[in-house]
Amino acid sequence: MTAHVVKWWTILRISLEERFVYRGDFALGTLMRFLPIITQIFLWTAVFAAVEQASSPAGSQASSQATEMAAEQAAAGGATTVAGYSLSAMIAYYLLTMMSRAFSSMPGLASGIALQVRNGEIKKFLIQPVDMIGFLLLTRMAHKLAYYTIAILPFAFVFYLCRGYFELGWPDMQRMVVYLCSLLLAFVLGFFLEASIGLISFWFLEVSSLLFVYNLLTFFLSGHMFPLDLLPDFAQQVVTYLPLHYLAYYPAAVFLEKIPANEMWIGLGVQAAWVLAFIGVSRVMLNRGLHRYSGFGG
Amino acid sequence: MSIIQIKDLVKSYRVYQKKEGLAASLKGLVKREYKEVHAVAGIDLEVEQGEFVAFLGPNGAGKTTTLKLLSGVIHPTSGTAEVMGYTPWKRDNRYRRRFALVMGQKNQLWWDLPAQESFRLHQQIYRIPPQQFDATLAEISDLLDITRLLKQPVRELSLGERMKMELTAALLHSPDVLFLDEPTIGLDVVAQHNIQQFLKFYQERRKITILLTSHYMKDVAALCKRVVIIAQGQLQYDGSLEGIVDQTTSHKLVSLLLDESEIRTEEFSKYGVVESIELPRVVLRVAREDVAKTLNAILDNHTIHDVTVEDPPLEEVIAEMFSQVDPSIRRATDEDIAASAGHARTESDA
């Protein structure tokens with residue numbers, strides 16, 4: 001048992017070291033990550049201004065198409081909301097999905113697996129007594145750890161600047177626990193989902209177009225692009241049955257109290273079930289894939 | 001019992017036959033034609049513990065495929081193989097801790113990190129006890145003279161230095177069986193020689209079993225007493241290196257150092273085929289059984305300062321052997337080259 005722990009710890013430590021080799025790339029990558037926030041703030045400010053103008057009594061009734069976007073006038077306060085989100089909440093939502101994606105996005109995982117299958121590097125997992133998925137999971141954890149132990153500073157700074165958008169303040173203790181758990185599960189789910197896609201390369205060798213479709217779908221259906229509450233009821237129903245919304249929407253929705261307290265544990269359970277499902281899927285795919293690979297050669 | 005036992009091992013591939021042209025490519029989207037390729041077509045082989053065996057053969061003969069089968073990277077189409085009592089393609093962890101595969105063209109070290117770090121990882125993956133790890137690493141890096149390079153990122157090392165690191169990584173867990181696939185490919189003469197010396201020393205000391213494929217005859221001549229020739233997926237020869245020479249070539253090279261008085265070099269063509277004339281040295285190709293008789297005749301009629309009788313160069317013998325077992329490999333003879341050169345000349349004249 002201890003041998004295992006030491007083995008995995010060594011893998012983690014060495015991947016950490018590897019990550020710190022490229023400092024310039026690291027700095028630039030962090031900077032670029034925060035640029036979209038500014039565009040998002042401009043975008044939603046403009047959208048809300050348009051909605052407000054269209055729905056105000058002085059505005060022309062003819063331009064009411066914008067109001068079809070489920071814009072409502074809050075009865076008492078008079079603040080404009082879209083699908084239950086005020087402008088502040090919308091920007092807070094965006095910041096929170098950025099947080100979720102920091103955990104759940106796996107740049108280069110699937111394409112890396114595909115590359116290893118194609119150039120035969122995958123052989124090393126056939127020759128050496130080490131499990132490929134475990135190895136990849138640890139190196140990925142190391143990547144994230146390495147990145148965010150440093151990136152936590154700019155992240156904290158940006159959240160501090162944008163603190164005004166969080167009108168509800170910090171959620172209560174229980175909600176915070178669910179939020180943090182769902183972030184961690186988002187990481188694991190993102191990993192096993194994308195690993196499964198990468199493992200398809202055992203059958204198709206080239207998965208880049210598949211990956212493109214997956215990334216596109218994830219951008220929409222995870223709620224990274226806009227809150228899923230904006231979707232029509234029917235579409236919302238469908239999306240909540242998919243695992244993708246746990247990658248961005250769910251943790252953010254928990255934090256912003258869009259999910260009632262009595263339902264959020266259930267959601268967390270379903271998220272955990274999805275994780276287990278994709279652990280199983282990737283395991284089966286790896287076994288079959290390696291068998292197929294070793295059957296064909298390479 | 002033999003440490004490696006291979007019985008009737010067969011590995012066939014289905015290869016997609018892509019035809020030339022766009023139309024054919026489009027057709028290939030719908031219906032593909034496959035061709036069966038027999039990379040290994042029934043090999044029987046036994047290797048004893050402590051042997052150093054060379055696999056020789058033309059490109060695509062099935063050498064690497066055999067090594068891949070023995071290291072469990074691929075499954076055979078049929079047949080059996082056992083290494084140390086394990087069936088390689090079952091990939092038992094106990095087996096995987098006892099062998100190593102080094103491929104000259106593949107890298108298993110972390111590119112951006114010092115080799116030392118990759119070695120640490122190997123220590124954990126193979127569960128090498130710390131003392132044993134330190135001792136083995138110190139010994140090997142001393143022998144290969146790479147101690148000062150251990151802390152340098154691998155990407156900054158030369159090809160030869162990287163190969164030494166790869167070898168070190170493969171030997172850290174003290175494997176009982178080592179498969180080497182072209183370990184000296186692309187290396188300069190000095191690096192090749194270093195690696196040969198190291199392998200020779202290490203193998204004699206540890207008495208491990210090594211299977212090696214290489215295209216460098218110097219590797220083979222320096223290291224392996226036993227040579228196995230594979231061509232067209234089958235075993236064509238199994239024995240000593242000298243045996244190949246005896247079996248394949250029917251002549252020897254007689255090199256004569258002439259006295260200055262000997263100026264009528266054209267006379268020597270009656271004793272055998274003249275290989276080269278670089279006065280005062282003349283080299284003749286003489287049939288094996290006629291060597292003694294020919295030498296007598298030459299010494300009777302000419303003033304000779306020195307004589308050496310040699311087998312033809314190993315490369316030539318092996319090329320001869322390959323072309324004998326595989327008719328598709330035709331050796332380019334001097335006449336061919338002369339003919340094509342002559343052809344080129346007439347073209348440029350016109």
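**A helix across a sheet**

Mentor: Helix α10 (residues 291-301) of chain B lies across β10, β12 and β13 of chain B, at about 15° to β10(B). Helices (H or I, at least four residues) and strands (E, at least two) are DSSP runs, numbered from the N terminus. Axes are lines fitted to C-alpha atoms, for helices over the stretch in contact, with angles from 0 to 180 degrees between N-to-C directions. Two residues are in contact if their C-beta atoms, placed from the backbone, lie within 7 Å.

Trainee: How should I read the numbering, and what is the model?
Mentor: Residues are numbered from 1 along each chain as its sequence is written, while chains are lettered from A and ligands numbered from 1 in the order in which they are written. This is a predicted model, where local features need pLDDT of at least 70, side-chain atom pairs count only at pLDDT 80 or more, and totals for chains, interfaces and linings use all residues.

Trainee: In what order do the strands of that open sheet run in chain B?
Mentor: The order is β11-β12-β10-β13, 4 strands with antiparallel pairing. Two strands pair if DSSP finds at least two bridges between them.

Trainee: Which strands stand at the edges?
Mentor: β11 (273-278) and β13 (304-310) of chain B do; each has a single partner strand, so one side of each has no neighbour in the sheet. The twist averages 20° from one strand to the next.

Trainee: Over how many bridges do β10 and β12 of chain B pair?
Mentor: Strands β10 (residues 251-258) and β12 (residues 281-287) of chain B pair over 7 bridges. In that region, B:Lys252 stands opposite B:Val286 in β12(B).

Trainee: What covers the buried residues of α6(B)?
Mentor: The cover includes β5 (99-103), α4 (115-125), α5 (130-144), β6 (177-181) and α7 (189-206) of chain B. Among the buried residues of α6(B) are B:Met163, B:Leu167 and B:Leu171.

Trainee: And chain B overall, how many helices and strands?
Mentor: Chain B has 12 helices and 13 strands. Buried residues make up 35% of its 350 residues.

Trainee: Last one, in chain A: is A:Gln237 buried or exposed?
Mentor: A:Gln237 is exposed, with 10 other C-beta atoms within 10 Å. A:Gln237 lies in helix α10 (residues 233-240) of chain A.

Conventions. A residue is buried if 20 or more other C-beta atoms lie within 10 Å of its own, exposed if 12 or fewer, and partly exposed in between; C-beta atoms are placed from the backbone.
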